[in-house]
Amino acid sequence: MENTRILILGLACLAIISVAKALSHEPELGSARVVFQTSYGDIEFGFYPTVAPKTVDHIFKLVRLGGYNTNHFFRVDKGFVAQVADVASGRSAPMNEEQRIEAEKKIVGEFSDVKHVRGTLSMGRYDDPNSAQSSFSMLLGDAPHLDRQYAVFGKVTKGDETLSKLEEVPTRREGIFVMPTERITILSTYYYVHKEM
């Protein structure tokens, strides 16, 4: 009888541990990596193609087209987000027709159970859940109030020190936004295929 109780208790503990691991499981990153080069340093990120495939395809296509070159971080809210401006309005260089068409596409909201924690990439949008275009945030802290409300599509893989530098930039408040007092430009971007070692 005592052995049966111990066995049942042991199985229950294993089940609880398995559920906890499943709930905390981070999605697998795809092999593509993107690097944003800024005057504060580089930020590298990867994508979650199984979590938000349409969003990943859209953002990666904009990167390949050079859409984020000369764009900027219009919002830097310490402990919350560093947000990249929409490509259509945030670039200082003119866009070609292919860039403009892709930048103005609206992407369906691919909401998931992936948590908004520091380093997460999350699409910006308006009140309409299917209004995301090309603006996205790099989370500077945990933001559970965004979970299942905004599409998570990747995470920062290198450059957390650059995000920390961005958090120290002087800011001003404009309505609900905390904005840097200087333009933080994405000087250039590149991408590559990451190979596991």
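The model is predicted, so local features need pLDDT of at least 70, side-chain atom pairs count only at pLDDT 80 or more, and totals for chains, interfaces and linings use all residues. Residues are numbered from 1 along each chain as its sequence is written, and side-chain values use heavy atoms, without hydrogens and water.

**Exercise 1.** Determine which strands pair with β1.

*Solution.* Strands are DSSP runs (E, at least two residues), numbered from the N terminus; two of them pair if DSSP finds at least two bridges between them.
- Step 1: β1 and β2 (residues 41-47) are joined in the antiparallel sense by six bridges, and they form a hairpin with two residues between them.
- Step 2: β1 also pairs with β10 (residues 184-193), antiparallel, over seven bridges; here Ala32 stands opposite Val193.

**Exercise 2.** State whether β1 is mostly covered or uncovered.

*Solution.* Of the seven residues in β1 (residues 32-38), six are buried, where buried means under 20% relative accessible area (1.4 Å probe, protein chains only). The strand is thus mostly covered.

Technical notes
Buried means under 20% relative accessible area, exposed over 50%, partly exposed in between (1.4 Å probe, protein chains only). Helices (H or I, at least four residues) and strands (E, at least two) are DSSP runs, numbered from the N terminus.
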